[in-house]
Amino acid sequence: MRAVILDGIVLGLAFGLLGVGMTLVYGLGGVLNLAYGQIVVLAAIVASNVMADGTATLVAACAGVLVAAGAAVLLDLTLMRPVYRQHGEERTLLGLLLTLGAAFVIAGLLTWRYPAGALYVNITGDPVSIIGVPMARGAIWASAIALAVAAVLLLFFGLTTFGRGVRSVIQDETGARLVGINPSFVRTVIFALSGVLAGIVAITHSMSGPLTVNAGFELTTFALIVTVVGGLGSVAGAFLAGVLLGVVNTLSAHYIGQYITTIILLGAAALTILVRPRGLLGR
């Protein structure tokens, strides 16, 4: 049982990073980026190809993160511009359609060019005992990176001037504009940050097992579930929901079977909407 729970926490921290990248974009612009999982896969394929050329793993990981950030900014500066000129349901619907189209384009290109593409960062060494459970070094490194990123994000949004500006745009875009904050610039920066998080997810996920070229839509589904359960626009809520759903995921897979796990996660999201429509820590 302890081993299953620890595995769930490791998976949940990755879910949390996924959820943060999606919830920030939605909180700022009211758009769910359905291409988010494909950006994660793009980062993984880039890092894998760079590593195949004999480049050090750290350099390859940085290359993957930078490409993911660039792809996210490109998405914001192109497809998202007409979306932000809309309001209400029109903005939400147009954003869903365009990002879904971008997801299919990225998935198609990657599958065509790298049909067997995958990223696996193999961290060698003997397992480390955590509360009596032997844990692979890759899982420990992935968890440490996710926790460090979570701490940096919480400090950034809580203590820095720009972080408070982001929160003000999420809470009241018109009011933020009146006090001199440029929502368009803030959204571009946050899209870049979401791309960086996507790249980090690609690297940390591959420390526990291969991240294949076909994983994009599954990752997007997990990000959506975490975003709904945690609360749209809440960084802490995304990490809390990620950990909880990660534990639920591993327990379900262990005791029931992997085939029904996604159904259980979707059920958890539906129950959250019924009981607490704004999510665990949403406002």
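Let's start at Asn249, which is buried, with a relative accessible area of 7%. Before we go further, please keep in mind that what you see here is a predicted model. Asn249 lies in helix 11, and that helix covers residues 235-255. From Asn249 to Phe217 there are 32 residues along the chain, and their C-alpha atoms are separated by 17 Å.

Now look at Asp7 on your screens. Asp7 and Asn249 are 242 residues apart in sequence, yet C-alpha to C-alpha they are 9.7 Å apart in space. Asp7 belongs to helix 1, residues 2-29. Is Asp7 buried or exposed, or partly exposed? With a relative accessible area of 41%, Asp7 counts as partly exposed, because that label covers values between the 20% and 50% limits. Setting aside residues up to four places away in sequence, Asp7 touches Met135 and Thr250.

That brings us to Thr250, which is also found in helix 11. Its relative accessibility is 14%, so Thr250 counts as buried. Which residues does Thr250 touch, if we skip those up to four places away in sequence? They are Val4, Asp7, Gly8 and Leu11. The side chain of Thr250 also reaches back to the backbone oxygen of Val247, at 3.0 Å.

An α-helix has 3.6 residues a turn, so residues three or four places apart point the same way. Keep that in mind for helix 6. Helix 6 runs over residues 137-159. Its 23 residues reach 33 Å from first C-alpha to last, close to the 33 Å expected at 1.5 Å a residue. Which residues of helix 6 are buried? Here is the list: Gly138, Ala139, Ala142, Ser143, Ala146, Val149, Ala150, Leu153 and Phe157.

One of these, Ala142, has a partner to show you. Thr204, in helix 9 (residues 183-205), is in contact with Ala142 and Ile145, leaving aside its neighbours within four places in sequence. Thr204 is buried, with a relative accessible area of 5%.

Helix 2 comes next, covering residues 36-52. It has 17 residues and spans 25 Å from its first C-alpha to its last, close to the 24 Å expected at 1.5 Å a residue. How many of its residues are buried? The count is 13 of 17, so helix 2 is mostly covered. Just after helix 2, have a look at Gly54, which takes a positive phi of about 95 degrees.

Thr212 sits in strand 4, residues 211-212. Thr212 is partly exposed, at a relative accessible area of 35%. Follow the chain 15 residues from Thr212 to Thr227, and you find their C-alpha atoms separated by 23 Å.

On to Phe162, in helix 7 (residues 161-171). Phe162 is partly exposed, with a relative accessible area of 28%. Its contacts, leaving aside neighbours within four places in sequence, are Phe156, Phe185, Val186 and Val189. Phe162 and Ile181 are 19 residues apart along the chain, and 9.4 Å separates their C-alpha atoms.

A word on charges. How many salt bridges does a search of the whole structure find? It finds 1. The side chains of Arg81 and Asp76 meet in a salt bridge, at 3.4 Å from N to O. What about their surroundings? Asp76 has 0% relative accessibility, so Asp76 counts as buried. Arg81, with a relative accessible area of 25%, is partly exposed.

Last, let's turn to the surface. Leu100, Phe104 and Phe217 make a nonpolar surface patch of about 270 Å². Phe104 is placed in helix 5, residues 89-113. Why does Phe104 count as exposed? Because its relative accessibility is 52%, and exposed means over 50%.

How values were computed: Residues are numbered from 1 along each chain as its sequence is written. This is a predicted model: local features need pLDDT of at least 70, side-chain atom pairs count only at pLDDT 80 or more; totals for chains, interfaces and linings use all residues. Side-chain values use heavy atoms; hydrogens and water are left out. Patches are made of residues with over 30% relative accessible area and no salt bridge: like charges are joined within 9 Å, nonpolar side chains (Val, Leu, Ile, Met, Phe, Trp, Tyr) within 5 Å. Accessible areas come from the Shrake-Rupley method with a 1.4 Å probe; for residues, only the protein chains shown count as cover. A salt bridge is a side-chain nitrogen of Lys or Arg within 4 Å of a carboxyl oxygen of Asp or Glu. Helices (H or I, at least four residues) and strands (E, at least two) are DSSP runs, numbered from the N terminus. Buried means under 20% relative accessible area, exposed over 50%, partly exposed in between (1.4 Å probe, protein chains only). A polar contact is a pair of N or O atoms within 3.5 Å; within protein, one must be able to donate a hydrogen and the other to accept it, and residues adjacent in sequence count only if both atoms are side-chain atoms. Contact means heavy atoms within 4.5 Å. The expected span of a helix is 1.5 Å times one less than its number of residues.
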